[in-house]
Structure formats: structure tokens, C-alpha cells
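User: Hi, I have a new structure open. Can you walk me through it?
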Amino acid sequence: MWLLRHPAAQAVPEPYDSFMHGHLCYYGYFQEWIPPEPEPFCQPTDHQWLPMGEEQGTVVYQLSPATLKGPQDNTLLFESRFESGNLQKAVKVGPYEYVLRLRPDLYTAKHTQWFYFRVQNTRKDAVYCFTIANLAKPKSLYGKGMCPLFYSQKDAQSHGIGWRRIGTNIRYYRGNSGEEPPAFCLSWSTRFPHDGDTCYFAHSYPYTYSDLQRYLRAVVGDPARSQYCAVRALCRSLAGNIVYTLTITAPSGGAAKQAVVLSARVHPGESGGSWAMQGFLDFILSAAPDAQLLRQLFVFKVVPMLNPDGVVVGNSRCSLAGRDPNRAYRTGSRGSFPAVWHLRAMVERLLAEREVVLYCDFHGHSRKNNVFVYGCDGGRDGSEARLRERVFPLMLSKNAPDKFSFSSCKFKVQKSKEGTGRVVMWRMGIANSYTIEMAFGGSTLGGRNSHFTVEDLKSLGYHLCDTLLDFCDPNPAKVGG
Ligand SMILES: [Zn+2]
């Protein structure tokens, strides 16, 4: 369904068509699984191993995989022509050693950060070394003990194990290729659990456009949830994919209700935001008494995936306009940034009819652990407006003390952030307007020193609901308690 193009959609530059036809596979099913034990951060290594230059190696994947020379050929078979996959090239530089390059965001030459690819033809006893050699960011949580995510199809089938953290000798460093701008490298070593397995590596738990569509189909098809959740098209993306918007509220209450606006995945590589959004939807659409109360008190407007094209093609940051849509809220045109333009227009209409108490845009953070927000700054030191924006995050930190760090929050409006959803919504009159950042790594709070699981990310959606209730509780006695 994500390949469908709307006839009214703006013409998309030609390479997109051929690119999409190479991406016909969708690996939709991954075993759901929560690790029974916390997955600790690893000890980052500083050993000075550098992979052999790619020039001396053999190209084994370049948009399509090389063919094996026979059953003895132990070359890994790489693949990423599936939804959200983004491996461009793999070079074999040793018997079990590979140097990889990621495809930059489509129509750009940069932004490489997200990665997601498959390998087959694994050998069980060997130690493999991988190096992704063209990452864009100078610093990363991989330098602080974060491990890549790994999935084994055989482990899923025989033991019910899903995505998990793996790797030793994990290292994040500046490459020595002399490229400008400089490229950064991520290296890790690992053994595969089985011979002849199909395995995946990813930067963060994948959450594709198809995953979202499957979730929304289930909501729409559910007689209970569909009573208070309407799923509509906000607009079409540049490629013609539907940008969905959900209106969630109890049928009663009408004009007196305040509104809450939530969005996620403006940055396609930040898939943790989708898991938190799903956690929010799971709770707010449930029969729990607090969820019912919230639906009576508020109208929720939710855009769960602002940049479906970027998610489909495996971008890190950009839309098919080749630019960051989260800098386009102020000046981006309807034609170039349809989702952002229509979200803003929807919020303008909403503000004309009711108060919007909260805007929250879900993101992932690659350099700092824990969960925190960026908010705006409404006034001088000590003024009421200045304190007001800090109340919601402070309450959230009390409700999620082992994940949310209030001291990591920042409240200011830098010049470079003027075009973000957070700042533009704030200037439009939403006092509590936040970018919520969920680390790609995990938590260092409450005695934890471990990676976030999918369950951790989902719980953030629940904590947001819980905090909203505390924040707007019609019974002020609860706030003190
Ligand atoms: Zn982001």
C-alpha cells in the first residue's frame, strides 16, 4: 500500500520511481520480545584497530548482492532493498571483515546515521568485524557504551527471541580517509548464533510506515476503539503516501474541551519516537479509567508519522525535498513540505476554536542518554511564564524517574531552531510546546545503566498521559500528593 501514488500528488523526481521499485520487499514480521534481563551498556573500547582500506577489498554488495562462488564461499550476503533499509555498499576486506557504506538521505549527500540491513550465509564460530565508514555525526552514544541492535531469524523461530543488543569492541571514531566533510566510523565485532541464518542489524528498533498502517487498520476495524478514534488523511506526502491524522476524544463534552497535539517521525531515522507514540495510542485508546477520563477532558490530535517517504526509503533526517522538514514550519511551502504545512494549518484552525494545552513532537537523540525535552523560554528569570513551561517536564520526571531527566531539559529558542515545530507552535500560542527526545541508547537514571527496550519506549507514551492528568487534574488536591 505504501507504494501507491495519489494522482493529485506533486510530481516526484524520476530517480524516486526506480528507487522505489528496487524496494518492493517488506519484512513486516519481527518477533515481539522483551529481554528478560536489562541489556547493559558495554565498556567502550579505545583500541586502535582500523579496518584495511576498502580499495584492497572486494565489493560484495552495491545496491544488489554479489553471487556466491559455491557452498564453501563464506561471504556474507547483504541486502537492504526493503522498507527503511539503507545500505549502499559492502566491501569484504578480510575473511570475516566488512566495511560498509550507507546511502545518504535521498537527494542529499549527507545525514548518514540510521542504518538497517540484512545479512545471510552466516557462519557460527567466526568472529565478524563490521565498520560503517560514512557516518555524519562527530559524536555518538556508541562512544558511551551503546550497542547496535541485532535480530536472528533462527533465534526468533526456535526461541522466540527478538531484537537485542550485541557487539564487542564497539568503537566510534573519525575516519582517516581525508574526506570532506570528515566521515565518522562505527566498528563492532560479533559472532552469529547459527550457521546459515538470516540476520538483521539496525541503529534503533525499526518501525516502518507499513507497521503504522497495520496498527491503524486494527484501530479502525475495532468496534470499541473506532468509536472515539477517527483516522483521516492530513495530506499526501511528496511521493503520494498518506500522512495520517487521528482525532481521539469521547463523543460528549464538545466545545469546552481543551486540545492536545502530538506528532512523531518528522525525522525518519528516529524510530524510537514511533514506539513511544504507539505506547501513547495503546493507552489512550484503552478501556482504562484514566484513559476514559482523558478522552472526556481533551481532544487529541495526533500525527504519528509526519515523514512517511523518509521512513520508507530509510532516510535519517530529510523528506524527499532533500531537506529537514523540522526546519520548515515557519517558511516551508505547502508544495515542498506538505505534512508540516498541513499540521500547522490544522493547529491554526484548532486554536481558533479551543485552547491547546500541549504540543509534543517525538524525536530520538544520538548523543545524550535518557529522555528529556527541549522547550521554549517565555520570560525573564523568575517570571511566571518562565516557570510555567518547566512544570509539565518536571511532573513527567516524577512519573518516569528511571527514564526522564529533568536536568537534561533545555528551555530556549535558538536562531537555528526558529523553523522547528516546537518553536512555531509556541509562537502560535501553545505555551507548553516541546520536542521530546528519547535517547537511541538508554537510561542512566534510578540505578539503571542499560539500553531502552521497546517496552521502555512505549511506557513513555503512557507516562505522558499520566502526567497530562496530573497537570490538568480538575481536582488540585492530587497535584500536591
Ligand atoms: Zn529529531
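This is a predicted model: local features need pLDDT of at least 70, side-chain atom pairs count only at pLDDT 80 or more; totals for chains, interfaces and linings use all residues.

User: How many residues has the largest nonpolar core?
Analyst: It has 103 residues. Phe-78, Phe-130 and Leu-281 are among those with the most contacts inside it. A nonpolar core is a set of buried Ala, Val, Leu, Ile, Met, Phe, Trp, Tyr and Cys residues joined through side-chain atoms within 4.5 Å. Buried means under 20% relative accessible area, with a 1.4 Å probe and protein chains only.

User: Where does that core lie?
Analyst: It lies between domain 1 (40–202) and domain 2 (209–473), because both give residues to it. The domain bounds come from an automatic or database domain assignment. Apart from this core lies another, of 22 residues, including Leu-234 and Val-424.

User: New topic. Which residues of H9 are buried?
Analyst: Gly-421, Arg-422, Val-423, Val-424, Met-425 and Trp-426. That is 6 of the 8 residues in helix H9 (residues 421–428). Helices are DSSP runs (H or I, at least four residues), numbered from the N terminus.

User: And what comes just after H9?
Analyst: Gly-429, with a positive phi of about 125°.

User: Last one. Is Ser-459 buried or exposed?
Analyst: Ser-459 is buried, at 16% relative accessible area. Ser-459 sits in helix H10 (residues 454–471).

Technical notes:
Residues are numbered from 1 along each chain as its sequence is written. Side-chain values use heavy atoms; hydrogens and water are left out. Buried means under 20% relative accessible area, exposed over 50%, partly exposed in between (1.4 Å probe, protein chains only). Helices (H or I, at least four residues) and strands (E, at least two) are DSSP runs, numbered from the N terminus.
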